[in-house]
Amino acid sequence: MFTSTGSSGLYKAPLSKSLLLVPSALSLLLALLLPHCQKLFVYDLHAVKNDFQIWRLICGRIICLDLKDTFCSSLLIYNFRIFERRYGSRKFASFLLGSWVLSALFDFLLVEAMQYFFGITAASNLPSGFLAPVFALFVPFYCSIPRVQVAQILGPLSITNKTLIYILGLQLFTSGSYIWIVAISGLMSGLCYNSKMFQVHQVLCIPSWMATFFSWTLEPIFSSSEPTSEARIGMGATLDIQRQQRMELLDRQLMFSQFAQGRRQRQQQGGMINWNRLFPPLRQRQNVNYQGGRQSEPAAPPPLEVSEEQVARLMEMGFSRGDALEALRASNNDLNVATNFLLQH
C-alpha cells in the first residue's frame, strides 16, 4: 500500500512496534470492555487549568478514545518507522518526547487564542491520544524523505511515493471538530525540534542511562527479526535466479524514474532526448542459455565494487547488507538513487 518507508516489517524499530501495539490495544480495551473508564483519559484542558488535574496532560495524550484516530495514527506510525531505523531508537524517542511536551504548550496557547479572539471554547473538546507527535513526524518526512514520482494524472498532477501518506494525514486532520488544534501544535513542535530552535533537542532528550535501561528490558520484547530479502521473489527458485529477478526489478524502477526525469526536461527545454544518456547500461549479467548443451554468452565480468562507507550508510537506515550491495551496484554507486529505490521496497 505504502511505498516510501523501506522494507516491510518492524525490523530495527522496537519503539515503533510498541507504539503500534500498546496504545492500540488499550484503546480497544477501553472502547469494548471498559467504556466507563474512558472519562479518565479525556484530554480536557479546562479541567487542567481550573481544577489542576495535571494528570490529564499525560493520560489524555496517550490513548485515543476514537477508534478511527487509533487506526489512522497506527498506519502513520508504521510508515514513519523509517526514522527510527535511520536515526536510532534513542534519537527517535527524543523527537517524540520533545514534540509531545512542546505540543502541550502550543495546545494551551492555541486554545487561549481562540477563546480571546473568537470567543470559542475548545478546551474540553480536544481529541485524546498520541496524535501531536504523529503530526510532528510529518516535518522530517517532508524534509528528508526523497520524492519519487510513481504516476502522472491530469497533466501536471502526479502521484508520488509520499502521496498516500499525506492523504492519510489529511484524513486524520479532518476526523474531528478540534483535531486541527492538535495537528497545528504538533507541526509547530516538529518544526521547533527539527530546526533545533532554542536548543530544545538538547533539553528534551532521552538520557543515555534511560535508553540503555529500556534497551535491556523492553527492546527484547518488541524487537523483530530481520526480514528475508530473498523470500519475497521466487521462493521456489535458486538463489541466483532470485537475485537476478530482484536486480531486474531495480533496473525497471530506475529506468522509469530516469524516463520521467527526461520527459520533464524535454517539456521544459524542448528538443530530442539523448536516449543513450537517459538509459545507460546498468551492468552486465551472466545469462546462460543451454541450446544443444552449449553456452550462448560468455561469462560476465567481476561485479562492480561498492564503497563500504555507502553500504554502512544504507545499513544505518535499516536496509540489509545484501539489499544495499545490490542497489549500489545497480545504480553504479549512486547513493541517492540506491536510497530512493530501496525506500520503495
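Residues are numbered from 1 along each chain as its sequence is written, and side-chain values use heavy atoms, without hydrogens or water. Because the model is predicted, local features need pLDDT of at least 70 and side-chain atom pairs pLDDT 80 or more, whereas totals for chains, interfaces and linings use all residues.

**Exercise 1.** Determine how helix α16 packs against helix α17.

*Solution.* 
Step 1. Helices are DSSP runs (H or I, at least four residues), numbered from the N terminus. Helix α16 covers residues 308–316 and helix α17 covers residues 321–330.
Step 2. Their axes are 9 Å apart, at an angle of about 125°. This makes α16 oblique to α17; angles under 35 degrees count as roughly parallel, over 145 as roughly antiparallel, 65 to 115 as roughly perpendicular, and the rest as oblique.
Step 3. Contact means heavy atoms within 4.5 Å. On the α16 side, E308, Q310, V311, L314 and M315 meet R321, A324, L325 and L328 of α17.
Step 4. By class, this contact of α16 with α17 has 6 nonpolar, 1 polar and 2 charged residues.

**Exercise 2.** Identify which residues of α16 are buried and where they lie around the helix.

*Solution.* 
Step 1. Buried means under 20% relative accessible area, exposed over 50%, and partly exposed in between (1.4 Å probe, protein chains only).
Step 2. Q310, V311 and L314 are the buried residues of α16. Viewed down the axis of α16, they fall within an arc of 100°, so they line one face of the helix.
Step 3. An α-helix has 3.6 residues a turn, so residues three or four places apart point the same way.
Step 4. The exposed residues E309 and E316 are carried on the face of α16 turned away from its buried side.

**Exercise 3.** Characterise the positive phi values of K12 and F52.

*Solution.* 
Step 1. Most residues other than glycine have a negative phi.
Step 2. K12, in the segment before α1, has a phi of about 60° and is partly exposed at 35%.
Step 3. F52, in the loop between α2 and α3, has a phi of about 55° and is exposed at 64%.

Methods. Axes are lines fitted to C-alpha atoms, for helices over the stretch in contact, and angles run from 0 to 180 degrees between N-to-C directions. Helices (H or I, at least four residues) and strands (E, at least two) are DSSP runs, numbered from the N terminus. Ala, Val, Leu, Ile, Met, Phe, Trp, Tyr, Cys and Pro count as nonpolar, Asp, Glu, Lys and Arg as charged, and the others, Gly among them, as polar. The arc is that of the directions from the helix axis to the C-beta atoms.
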